[in-house]
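Okay, thanks everyone for coming.

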Amino acid sequence: MKWENKGHELDYIGKTFADKKKIYIYGAGQEGRNLFYKLKFLDCVEGFIDANADKQRTGYLEKPVFSVEALCNKDKDYLIIVAAGPEIASRITYKLISNGYKEGEDFYYAGIFINTYLPIYAMYAHDKLVMRLYPQSMTERCTLRCLNCNQSTPYIKNPQHFSKEAFKADLDLFFRYVDYIYQADFVGGEPFTHPDLYDLMEYAAVHYRDKMGAMHIITNGTIQPSDEILQLALKYNIAMIITDYSITVPEVEGKVRAFIEKLEKYHVRYILNGDKYWKDYAIGRAKLEFSGEDDKIRHFDNCASPCRYMKDGKLYYCTSDALGQRAGLVPKDEQSYVDFKQLTREKRMEVLEFEYGYLEKGYLDTCTKCYGSWTFNTKNIPKGIQYKGTGTLTLEKRVEIND
């Protein structure tokens, strides 16, 4: 989307939230519990709505529970978020509408509210800047050399570990302005190649764990974690997301299995990504045709990459774009990031708009040479095919090998 009214692009939605600082969760069950903890950082949940008379007497999660009839007599300076399965939600919708509530104004469904509206609500109702997915890199080095790496790692000349000072400075600067992040992913390259991984993760956890909904280390599982890092992960509820490359790189199978066994020994949570296919972003070599600027904007909007990237105080909209620039696969683009070093509290609304995909041109230059992220890309390729040559992989070699 193209910026037309910077700082006010979201007013048409935000104004409906501005005077509704309180939230009531409709559903005092497991889904309501999950939603309650997702909203806890805002301290905005006043209570629950539920037809269960026992819960109305005793409360739920130390909050009062109301019938919808009792609540509708109050001033409607609150939102209702429906936390229930589809069948029950349809009955709840009928009841709310029958009592004068309007969908999209007075009440929302939990999934839609969390995934679409919560950052806008947090800013307009509570003056909190909330973002969804924040990948913080700690190294450009990796144990694999994937031809189709969407972070362009094999193409980077002289890949570096980020210093402790640089890592901490970016983290501190980010959380100076951002109040909460749904999910913080600590990534590489391969994070376990970093000699100071424990110190970096300890700093992030000690200083900012309460500002992160979920905290993950993204790994390929080829380097065994130390006892210390697993103890830290258990203490601060840091999960591992493991991309298993065994299907195309069978020599890593034993390493990945040993990695998982050690996590299980320490009771550290993990998510195993065993997908057989990737989406081919083809950064720098994608063959695309556009009829004009509006067509480029549509391509960017359809992609809607959720992955930001922080480096040297600059928050890039797209991780793949930032690292494509770093590797020289696409030209530098001064409009692809927000410089947090130049940010002020008064300009945080522009960061929120950036998070929702508002840019000066309405797209990134890299978009014209990229098929886009997994969110809408249809070009399936085998995952993790390795470059067997020596030296830094170049775009010319990549095209020659695989196209």
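Let's start with Ala304, which is found in the loop between helix 11 (293–303) and strand 12 (309–311). Helices here are DSSP runs of H or I with at least four residues, strands are runs of E with at least two, and both are numbered from the N terminus. Before I go on, two caveats: this is a predicted model, where local features need pLDDT of at least 70 and side-chain atom pairs count only at pLDDT 80 or more, while totals for chains, interfaces and linings use all residues. Residues are numbered from 1 along each chain as its sequence is written, and side-chain values use heavy atoms, with hydrogens and water left out.

Back to Ala304: its phi is near 50°, a positive value in a residue other than glycine. Most residues other than glycine have a negative phi, and most peptide bonds are trans. Ala304 has a relative accessible area of 40%, so it is partly exposed; buried means under 20%, exposed over 50%, and partly exposed in between, with a 1.4 Å probe and protein chains only.

Ser152 is not a glycine either, and has a positive phi of about 60°. You'll find Ser152 in the loop between strand 6 (130–137) and helix 7. Is Ser152 buried or exposed? It counts as buried, because its relative accessibility is 1%.

And where's the cis peptide? Going from Gly188 to Gly189, the bond is cis, with omega near 15°. Gly189 sits in the loop between strand 7 and helix 8.

Now helix 5, residues 86–98. Ala89, Ile92, Thr93 and Leu96 are buried there. Down the axis of helix 5, those buried residues fall within an arc of 110°, so they line one face; the arc is taken from the directions from the helix axis to the C-beta atoms. On the other side, Glu87, Arg91 and Tyr94 are exposed. After helix 5 comes Gly100, with a positive phi near 90°.

Last one: the axes of helix 6 (residues 110–126) and helix 13 (residues 348–355) come within 11 Å and cross at roughly 170°. The axes are lines fitted to C-alpha atoms over the stretch in contact, with angles from 0 to 180 degrees between N-to-C directions. Helix 6 and helix 13 are therefore roughly antiparallel, a label for angles over 145 degrees. Making the contact (heavy atoms within 4.5 Å) are Pro119, Ile120, Met123 and Tyr124 of helix 6 and Arg348, Met349 and Leu352 of helix 13.

Conventions
Parallel < 35°, antiparallel > 145°, perpendicular 65-115°, else oblique.
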